[in-house]
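User: Hi! I'm new to this one. Could you walk me through it?
Analyst: Happy to, let's take a look together.

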Amino acid sequence: MSHPQTAPHIGMPSGLPGTGYPAAEPVKRPGLMVAMLAVTVLSALSGALSALLVYVGGKDLADENVRNAVDSDPAAVGLPSGTTAADVKQLTGTAWDGIVTDWQSTMSARATIALVFSVAVLLFALFARTGAVWARVLLSVVAVLAAVFPHMLVLRDAAPAGLYATSLGAIVLGLLAVVLCWLPPVGRYKKALQGH
């Protein structure tokens, strides 16, 4: 009885020339992963747009924000109820300018933090595109932190409509990205890439 004397192709990667094995099919990225990446990018862009609005709006945006806050709830800023921004501005123009200038610096600091979080969200989304668990954990942490601070503060502070909308978008989209990145197809995609 004779057996062929060819060595088995054990241990050779599939798809290499001369191995006799066909190339493996590439692992297809699931639609859920694409959706997670798109939502994450939109969240980061919304946060960056929010920061840009603050930088471009400058003192006028801060003035509008302070007026909205005083008119919506004067007691929240330490004024008697029924007080309007016009009342305060007429009585103490210099003090009003000081308040607006201080608020503008607070808004600028928050905008800088929002911009840093937006860049971090984009960076971790880039790493999470392969389903890496560490990247999804960091993406989740940064997206939640960005939602809580500074964007939730913007919503609380009677922000002008454009700033309110972009901050709300950053919060909703960021939290949606967190949910999407932990759904089972993303984990299965990671395992399929590892087994490939």
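**How the helices pack**

Analyst: Let's start with a helix pair: helix H1 (residues 31-72) packs with helix H5 (residues 161-181) at an angle of about 155°, and their axes are 8 Å apart. Keep in mind that this is a predicted model.

User: Which way do H1 and H5 run relative to each other, roughly parallel or roughly antiparallel?
Analyst: Roughly antiparallel, because angles over 145 degrees count as such. The crossing of H1 and H5 is left-handed. By class, their contact has 16 nonpolar and 10 polar residues, with no charged ones.

User: What does Ser50 touch?
Analyst: Leaving out residues up to four places away in sequence, Ser50 touches His151, Leu163, Thr166 and Ser167. Ser50 itself lies in helix H1.

User: Is Ser50 buried or exposed?
Analyst: Ser50 has a relative accessible area of 5%, so it counts as buried, the cut-off being under 20%.

User: Switching topic: which residues touch the most other members in the largest nonpolar core?
Analyst: Those are Met33, Met36, Leu139 and Val142, out of 22 residues in that core. At least two residues of this core come from each of H1, helix H3 (93-128), helix H4 (133-156), H5 and helix H6 (184-195).

User: And what does Met36 touch?
Analyst: Not counting residues up to four places away in sequence, Met36 touches Ala128, Leu139, Ala177, Leu180 and Cys181.

User: Okay, loops now. Where is Leu183?
Analyst: Leu183 sits in the loop between H5 and H6. With a relative accessible area of 31%, Leu183 is partly exposed.

User: How many residues apart along the chain are Leu183 and Leu32?
Analyst: They are 151 residues apart along the chain, while their C-alpha atoms are separated by 8.3 Å.

User: How accessible is Ala158?
Analyst: Ala158 is partly exposed, at a relative accessible area of 23%.

Key: Residues are numbered from 1 along each chain as its sequence is written. This is a predicted model: local features need pLDDT of at least 70, side-chain atom pairs count only at pLDDT 80 or more; totals for chains, interfaces and linings use all residues. Side-chain values use heavy atoms; hydrogens and water are left out. Axes are lines fitted to C-alpha atoms, for helices over the stretch in contact, and angles run from 0 to 180 degrees between N-to-C directions. Helices (H or I, at least four residues) and strands (E, at least two) are DSSP runs, numbered from the N terminus. Angles under 35 degrees count as roughly parallel, over 145 as roughly antiparallel, 65 to 115 as roughly perpendicular and the rest as oblique. A crossing is left-handed if the near helix is turned anticlockwise from the far one by less than a right angle, and right-handed if clockwise. Ala, Val, Leu, Ile, Met, Phe, Trp, Tyr, Cys and Pro count as nonpolar, Asp, Glu, Lys and Arg as charged, and the others, Gly among them, as polar. Buried means under 20% relative accessible area, exposed over 50%, partly exposed in between (1.4 Å probe, protein chains only). Contact means heavy atoms within 4.5 Å. A nonpolar core is a set of buried Ala, Val, Leu, Ile, Met, Phe, Trp, Tyr and Cys residues joined through side-chain atoms within 4.5 Å.
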